[in-house]
Amino acid sequence: MYAVREEVEVLKEQIKELYERNSVLERENAVLKSLANTEQLTQLTAQISTLGSTSPQQTAVNAILQEGSKLVALPPQPNVSTA
């Protein structure tokens with residue numbers, strides 16, 4: 001039982017760290033999108049499409065790049081308590 005509680009605490013901490021990292025990356029992404037011009041976004045889209053990859057990550061990148069400088073809103077993140 002103690003081992004399970006300890007594992008839960010470790011996982012809660014990992015979740016907290018991942019949410020914080022996600023927030024940092026979202027801010028960085030917003031800044032980079034705001035600084036990129038349409039020509040740069042078009043070039044990135046062309047480079048990605050020449051790779052011919054159909055992975056979910058590449059599909060997501062393509063969708064974001066096609067959105068131009070619009071920000072893509074992610075669903076709200078749940079609160080993690082450390083009870």
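Is Thr-50 buried or exposed?

View 1. Thr-50 is exposed, with a relative accessible area of 65%, where buried means under 20% relative accessible area, exposed over 50%, and partly exposed in between (1.4 Å probe, protein chains only). The residue belongs to helix H2 (residues 38-51). A polar atom of the Thr-50 side chain lies 2.7 Å from the backbone oxygen of Gln-47.

**Basis of the views.** This is a predicted model, in which local features need pLDDT of at least 70 and side-chain atom pairs count only at pLDDT 80 or more, while totals for chains, interfaces and linings use all residues. Residues are numbered from 1 along each chain as its sequence is written, and side-chain values use heavy atoms, with hydrogens and water left out.

**View 2. The helices of the protein.** The protein has three helices and zero strands, and its pattern along the sequence is α-α-α. Helices (H or I, at least four residues) and strands (E, at least two) are DSSP runs, numbered from the N terminus.

**View 3. Confidence along the chain.** The mean pLDDT (the predictor's confidence in each residue, from 0 to 100) of the protein is 77, and 61% of the residues reach 70 or more. Over residues 69-73, pLDDT stays under 50, and the model has seven contacts beyond four places in sequence for them; a contact means heavy atoms within 4.5 Å.

**View 4. Surface and contacts of the protein.** Of the 83 residues in the protein, 8% are buried. The protein exposes about 6,900 Å², 60% of it supplied by carbon and sulfur atoms; the area comes from the Shrake-Rupley method with a 1.4 Å probe. Among contacts between residues at least 6 apart in sequence, 73% join residues at least 24 apart.

Conventions
Polar contact = N/O pair within 3.5 Å; in protein donor to acceptor, adjacent residues only side chain to side chain.
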